[in-house]
Amino acid sequence: MGSELPTAAPPQPKTAVARRRIGRELWQFWLDPPPYCRPGPSPVTDHFHWEVVIDGPAATPYAGGVFPVDVWFPYDYPFRPPKLFFKTKVYHPNIDGKGRMALDIFQDNWSPAFTINKLLLGFVSVLFDPLLDHPTNRCIAKQYKHEYEVYEEKARAWTQKHSSTPIVSHYPPYAVIGSTPPAVPHFPAATAARRKAAASSASGSVSSSRIPLLMKDESLWRRTMRFFQGWSS
């Protein structure tokens, strides 16, 4: 997992700016981590490379799982996005075989206003509510949409097999330590009944060789990002 990790680059003039920004975000992550997120098992010795842990959100097939995530920052951060890799295999429509989650903000929609806390919250929201209109694995997305019970069983089996090893976080003395409440709103996993109801009420859908996108079924990820964009403007 995460085999194509970014290679180190010679220090650039912007490195000092990036280091200060990353330092502030690291401090904020320690003091006020996003729901279900916590530090990795080792102290952070390189500002440009962290490890964080996402605990599987409740009421999803990933509940009870422990998902280590590598975070790599570019030397011109925040003008380019960081790269995040799940280090264990995750059965999810938006996570590919290399542990990358496909989100539009890593491409054309990146903004320097985003922070690592916002990205991690976005990751958790997509674990709750996958983006079925832009899957990295169309077979899993189709299964999620039409055979949710089968998808849920396999996702839970993968979680138990690949992501059940406990990880003890390394907390600095001033970090906030405690249980993470289910603060991310959860619209119960997209069961077949919910999807059928949405399909029957939608006046139209985008359908071709791609999986249909129900225009009235806006994802939690997009609602979350719209909130952040409004909050940061």
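Mentor: Let's start with one rule: two strands pair if DSSP finds at least two bridges between them. Keep in mind, too, that this is a predicted model.

Trainee: What makes β2 and β3 a pair?

Mentor: Strand β2 (residues 49–55) and strand β3 (residues 66–72) are joined by seven bridges. The rule asks for at least two, so they count as paired. One of these bridges has V52 facing its partner V69 in β3, and I54 has F67 as its bridge partner there. The two strands run antiparallel.

Trainee: How do you know that β3 and β4 pair, and in which sense?

Mentor: They share four bridges, and the cut-off is at least two, so this is a pair as well. The sense is antiparallel. As an example, the bridge partner of V71 is L84 in β4.

Trainee: In what order do the strands lie in the sheet?

Mentor: The order is β1-β2-β3-β4, with antiparallel pairing, and the sheet is open.

Trainee: Why are β1 and β4 said to stand at the edges?

Mentor: β1 (37–39) and β4 (83–86) each have a single partner strand, so one side of each has no neighbour in the sheet. From one strand to the next, the twist averages 30 degrees. Helix α1 (residues 15–31) packs on this sheet and touches β1 and β2, its direction making about 25 degrees with that of β2.

Trainee: What makes β3 a mostly covered strand?

Mentor: Seven of its seven residues are buried. In a regular strand, side chains alternate between the two faces of the sheet. In β3, both faces are covered: V66, P68, D70 and W72 are buried on one side, and F67, V69 and V71 on the other.

Trainee: Is I105 buried or exposed, and how do you know?

Mentor: Its relative accessible area is 2%. Buried means under 20%, so I105 is buried. I105 sits in the loop between β4 and α2 (116–128). Its C-alpha atom is 8.0 Å from that of P81, although the two are 24 residues apart along the chain.

Trainee: Why is L31 called partly exposed?

Mentor: L31, in helix α1, has 31% relative accessibility. Exposed would need over 50% and buried under 20%, so L31 falls in between. Patch residues need over 30% relative accessible area, so 31% is enough for L31.

Trainee: What about A59: buried or exposed?

Mentor: A59 has 56% relative accessibility, and the cut-off for exposed is over 50%, so A59 is exposed. A59 lies in the loop between β2 and β3. Its phi is near 65 degrees, a positive value in a residue other than glycine. Y36 also has a positive phi, near 70 degrees, and lies in the loop between α1 and β1. At 6% relative accessible area, Y36 is buried.

Trainee: What makes R21 and E25 a salt bridge?

Mentor: Side chains of opposite charge can pair when their charged atoms come close. Here N and O are 2.5 Å apart. A salt bridge needs the nitrogen within 4 Å of the oxygen, so the pair qualifies. Both residues lie in helix α1, four residues apart, about one turn of the helix, and both are buried.

Trainee: Which residue forms a salt bridge with R38?

Mentor: That is D55, with the closest N and O atoms 2.8 Å apart. R38 is in strand β1 and D55 in strand β2, so the pair ties together parts that are 17 residues apart in sequence. R38 is buried, at 14% relative accessible area.

Trainee: How do you know that K87 and E51 belong to this kind of pair too?

Mentor: Their N to O distance is 2.6 Å, and the limit is 4 Å, so they form a salt bridge. The pair links distant parts of the chain, 36 residues apart: K87 is in the loop between β4 and α2, and E51 in strand β2. K87 is partly exposed at 35% relative accessible area, and E51 at 21% also counts as partly exposed.

Trainee: How many salt bridges does the structure hold?

Mentor: It holds six, including the one between R38 and D55.

Terms used:
Residues numbered from 1 in each chain as written. Predicted model: local features only at pLDDT ≥ 70, side-chain atom pairs only at ≥ 80, totals over all residues. Heavy atoms only, no water. Axes fitted to C-alpha atoms, helices over the stretch in contact; angles between N-to-C directions. Contact = heavy atoms within 4.5 Å. Buried < 20%, exposed > 50% of the residue type's maximum accessible area, 1.4 Å probe, protein only. Salt bridge = Lys/Arg side-chain N within 4 Å of Asp/Glu carboxyl O.
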